[in-house]
Amino acid sequence: MDDRRSPLGWLAIFALSFGYYALFVRYGWNEADEGVLLAQYYRTYAGEMPVRDFHIGYTPGGYYFNAALFHWFGPTVLSLRWSLAVCHSLAAACLFVIGRRVMPVAFACLPPLTYCAIMPFFPGEFALFNVPYPLWYGVLFMVAGLWVLLRFIDAGGMGWVVAGGLLTGVCFSFKPNVGLFQLAMNGLIFLVVLEPPTGGVATRRDAVAWWVLLLGIVSGLMIVFASQATARDVAIFLLPIFGVVTILAGHRLGVGSTSSPVHRLLPCALVFGAAMLVPILPWALYFLSVLGPEWFARALLFIGSGFERFYYIEFHRPGSWDAALIVATLGLGALGRSVRSGNIPPSLVVGAAAFAGAGVLLALGRAPMPEGLHAAVVSRVEDLSFTASLIVHWLALAACVPLLWSTERSRPTLIKLAILLGALVMYLKLYPRSDFSHLVVAVPLTLVLGAWLASRFTRWLPRAVGLRRLAEVTIIAGVLGFIGLRIAPNLAAVAMWDGGPRWRPHASVDLERAPLTLEIGREPRVRALHDTVEFVRANSTPGEHLFTFPAIEALCFLSDRTNATRHGYFFTGWPGHEVEAEVVSALAANPPRLMVTLQRHQLFFLNAPAYYFSLRAFVREHYREVARFGVYSVLAHRGVSEASLISPRLYRPRGAASLAARYGSRLREPSTRLAAATALAAERLEFAWEPAVALLRDDDVAVREAAIVALASVTDPAIAGPFSEALLDGQVPERLRLAVLRRVLAVGDAEVAGAVIELLSAAPTMREYATVLLTLETIGLKFAMRDYWFGETRRLEIPPGPLHDIAIWETRLLNPGEEQAVRTFLTRVLSRIDPGALAPILCRLLEAHVPVALRVAAAEGLLRLPLPSRPCDPLDALLDVVEVEPVFAPSLVVQRYAEDAVSVGPRLQRALAEDGVGAALFWAAGATNDTRFRDVFVQGLVDPRQEIRLAALRGLDRVADASVAGALRAVAATDVDYEVRATAAHVLATLGRRAASE
């Protein structure tokens with residue numbers, strides 16, 4: 001089967017895929033990742049140099065490519081999204097032509113269509129395939145690289161080797177680890193395709209090259225996985241590849257090869273390597289000359305950067321469903337072999353299949369699905385996809401063992417082996433972050449293998465009684481049915497049926513650089529983004545500096561303002577406090593007129609305001625809130641007068657009026673209420689629209705169910721109260737209780753604290769109980785985090801109720817057998833209601849046997865009391881846990897110091913002098929600007945730990961004088977770490993400027 005026989009096939013796949021992606025080019029907005037990447041690409045477009053001028057997370061190829069798109073098509077979101085649509089569609093077309101080499105057209109269509117369908121899409125939010133990650137292009141380069149090698153197997157022309165090398169070099173230029181994996185893929189395929197036959201001087205030379213290549217691939221993969229991978233990771237990712245390598249080595253040592261390859265290995269390898277360097281060397285040599293070897297290695301190639309340790313997510317842990325999938329696969333294989341051998345009549349299999357299908361449908365009809373059929377099926381498939389992909393790898397490897405061991409390999413054999421090796425190596429992209437989003441970019445070639453195995457399975461079956469046709473139709477219809485189910489909500493986000501197909505009315509962001517839309521129900525976030533950008537534009541000039549926090553650098557791009565620092569992405573712990581110190585230094589040297597921060601409990605960035613305590617202190621000292629638009633708080637430098645601020649053109653809200661016009665009368669009429677409430681879900685309500693909230697009390701259970709579904713996307717904390725009341729009053733149908741609890745978990749705040757405690761005692765099942773516990777933990781964390789937001793914080797008002805009677809909670813607070821989530825929640829909530837009455841209990845919670853999170857919460861509560869009225873001092877407890885709880889504890893140590901520097905300073909000084917003290921305490925001490933710590937910081941300059949030396953240097957940056965200049969010069973000249981040397985040079989420069997100013 002040859003892809004050249006099906007030119008219309010890959011064109012049709014490309015057109016179908018491109019049409020699908022084109023529907024969503026203007027849809028949605030990912031503020032964190034998409035926004036930061038857009039801002040960084042724009043900085044490149046504006047002439048800044050990646051790494052030197054701003055931090056990046058990839059090699060620079062993707063930055064310059066996207067900057068070129070801005071040059072060619074204008075600096076808008078759409079420029080990059082249309083490019084991504086082409087990229088995804090080309091990748092899909094490549095998957096089709098690769099699959100067409102080993103299977104019929106119908107089966108070859110399944111991998112590209114499945115790949116497009118499984119790309120994550122979040123209705124009411126964004127489409128992940130619109131986020132301009134360089135990784136998307138890595139998929140295209142890798143599958144195109146495999147297709148190029150398949151053409152090399154066909155034609156043998158060295159031009160295909162050159163093309164493969166160029167694609168690998170470009171891939172490395174976009175993302176280094178993916179480029180290295182593509183290099184390994186090409187190397188493994190060369191081992192199979194270009195294995196030299198025995199005999200002859202030239203052949204012996206190629207044989208040496210063959211062994212060197214094999215050992216180089218094995219060594220390279222082991223080095224990549226050595227720093228973080230567990231034995232389990234190695235077994236999952238590398239064992240299939242090492243199985244192939246072992247067979248190849250045994251084959252070479254044993255039977256050998258009698259086939260004559262189309263080219264000799266050594267020349268092909270040299271040509272490939274030279275071609276690969278063509279796209280790499282220009283940027284690599286330039287950046288190497290500017291950055292130097294150490295900075296180049298760590299900041300650009302991420303060698304020793306700790307990236308993979310920080311972002312590591314372990315591979316899916318199997319459960320009962322995974323075991324059932326494995327058993328079912330083995331059973332299906334055994335069944336097919338039995339039918340093939342004639343041990344089981346085909347008619348019996350047909351009858352059993354019909355019975356099994358009916359059973360599956362019946363089970364689906366009765367299965368509890370609290371969030372609906374789509375969520376239940378899709379989430380289960382996503383969960384099982386990890387195990388399913390491994391099953392495909394091992395089955396395909398087992399099927400290919402005879403081909404690997406063959407002494408003479410035909411072209412069809414080489415093609416099958418190349419696809420197998422491509423799939424096994426491409427799967428490595430899932431490491432180290434093994435979540436579903438990364439699985440999507442790791443399995444495209446695994447999908448081809450899976451379709452090939454399915455096609456091969458059907459060919460096992462006899463044609464009698466239509467068994468083979470039944471199997472083919474079942475597999476193809478099943479996959480297409482899943483694809484339809486998967487993308488149905490995606491399509492509903494942009495289109496609807498209203499007497500015919502119609503485009504769904506949307507709210508438009510209406511910004512020049514982001515002409516994007518979202519459902520009408522999402523209008524509050526659209527309005528907030530628009531008004532914030534307009535305020536920044538009205539009160540600053542193009543190119544003026546702006547600072548954003550924690551991950552909203554998109555506002556710089558949207559408003560055409562320049563980030564005041566090298567960093568715009570502040571995830572708790574990454575970047576660390578050394579970068580925080582760099583950011584504070586940059587802001588102090590050139591303070592921007594405006595800042596924008598989030599006043600929201602943002603997913604993934606929830607703890608960031610607490611973690612970056614030095615940055616928070618700087619912002620609060622020098623900036624004040626001047627405007628708030630939804631979740632965005634705009635801060636102005638204290639030197640900016642109120643009179644100079646301009647009120648911009650604000651967004652005209654139309655969402656509520658549009659909803660009222662479309663649904664208002666239908667919701668009031670009993671005969672149309674259910675249909676209207678059901679249709680309302682597609683509007684993705686973000687705010688607690690009162691006509692919909694009122695339906696939670698409707699007499700009709702079906703209407704209440706529809707209202708719950710319609711309100712399930714609301715992000716306004718105001719919805720948590722009605723949901724909690726409905727749960728307590730028994731108004732929520734049993735099958736939806738868990739879904740409603742999860743919404744309370746997601747958005748609940750202070751107002752529902754009392755209700756959630758009541759829900760804990762009323763939870764009828766362990767799943768609900770566990771969900772309520774998690775809700776308590778989350779709400780307690782939200783209580784704590786509001787104290788750390790950079791803008792002004794509104795006072796939390798806890799409604800009157802049992803939580804105000806502290807006496808009834810004392811026993812539970814002090815009971816070590818009580819759930820820790822409950823104790824921590826109560827500590828954080830009650831200490832806000834009456835910290836004085838709770839103080840004796842808080843002191844007892846500081847004891848060493850108490851869990852760390854609870855001790856920190858108790859310390860928070862005590863620090864709310866005036867210093868003279870505290871019955872105990874939480875400082876010692878905080879010093880004990882500051883290294884194991886790096887989010888809140890260092891901030892609280894700094895807060896305690898600010899209250900009483902005279903008594904706290906010496907205690908902190910003694911703690912810093914202890915052996916084994918960690919970096920967190922050094923960072924906290926540095927934030928105090930206390931000169932008494934100068935000697936301790938100087939001692940830290942010779943600590944063997946790099947993080948201590950950096951923290952000590954940043955502390956000296958604030959308190960150094962001429963007496964430490966010699967020590968600083970020694971560090972700047974001789975330290976083994978380039979970052980430490982650079983920081984020491986920075987501190988010396990600061991010291992020089994300070995001396996000059998005096």
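Which side chains meet in a salt bridge at 3.9 Å, N to O? They are those of Arg-649 and Glu-534. The pair links distant parts of the chain, 115 residues apart. This is a predicted model, in which local features need pLDDT of at least 70, side-chain atom pairs count only at pLDDT 80 or more, and totals for chains, interfaces and linings use all residues. Residues are numbered from 1 along each chain as its sequence is written, and side-chain values use heavy atoms, with hydrogens and water left out.

**Salt bridges**

- The structure holds 49 salt bridges, each defined as a side-chain nitrogen of Lys or Arg within 4 Å of a carboxyl oxygen of Asp or Glu.
- Arg-649 lies in the loop between S11 and helix H26 (655-668), and Glu-534 lies in helix H21 (residues 523-538); helices (H or I, at least four residues) and strands (E, at least two) are DSSP runs, numbered from the N terminus.
- Arg-649 counts as exposed at 52% relative accessibility, whereas Glu-534 is buried at 15%. Buried means under 20% relative accessible area, exposed over 50%, and partly exposed in between (1.4 Å probe, protein chains only).
- Arg-43 is buried, with a relative accessible area of 7%, and forms a salt bridge with Glu-48 in which the closest N and O atoms are 3.1 Å apart.
- Arg-812 and Glu-818 meet through their side chains at 2.8 Å, N to O. Arg-812 is partly exposed at 28%, while Glu-818 counts as buried at 15%.
- A network of salt bridges links Arg-870, Asp-873, Asp-876, Arg-896, Glu-899 and Arg-907.

**A five-strand sheet**

- An open sheet of 5 strands runs in the order S8-S7-S9-S11-S10, with mixed pairing. Its edge strands are S8 (562-563) and S10, each of which pairs on one side only. Two strands pair if DSSP finds at least two bridges between them.
- S7 (residues 545-549) and S8 are parallel, with 2 bridges, and His-545 stands opposite Thr-562.
- S9 (residues 594-598) is antiparallel to S11 over 5 bridges, with Leu-598 opposite Tyr-632.
- S10 (residues 623-629) is joined to S11 by 6 bridges, also in the antiparallel sense. Here Tyr-632 is the bridge partner of Phe-629.
- The hairpin of S10 and S11 has 2 residues between the strands, and Gly-630 takes a positive phi near 60°.
- S11 (residues 632-637) is largely enclosed by the rest of the structure, because 5 of its 6 residues are buried.

**Buried positions in the helical part**

- Thr-59 sits in the loop between helix H2 (33-45) and helix H3 (61-73) and is buried, with a relative accessible area of 0%.
- The side chain of Thr-59 reaches the backbone oxygen of Phe-172 at 2.8 Å. Leaving out residues up to four places away in sequence, Thr-59 touches residues including Phe-172, Trp-283 and Phe-302, where contact means heavy atoms within 4.5 Å.
- Leu-149, in helix H6 (residues 134-155), is buried at 1%. With the neighbours up to four places away not counted, Leu-149 touches Asn-186, Ile-189 and Phe-190.
- Leu-149 and Val-161 are 12 residues apart in sequence and 7.1 Å apart in space, C-alpha to C-alpha.

**Leucines at the surface**

- Leu-281 is placed in helix H11 (residues 265-291) and is partly exposed, with a relative accessible area of 38%.

Key. A polar contact is a pair of N or O atoms within 3.5 Å; within protein, one must be able to donate a hydrogen and the other to accept it, and residues adjacent in sequence count only if both atoms are side-chain atoms.
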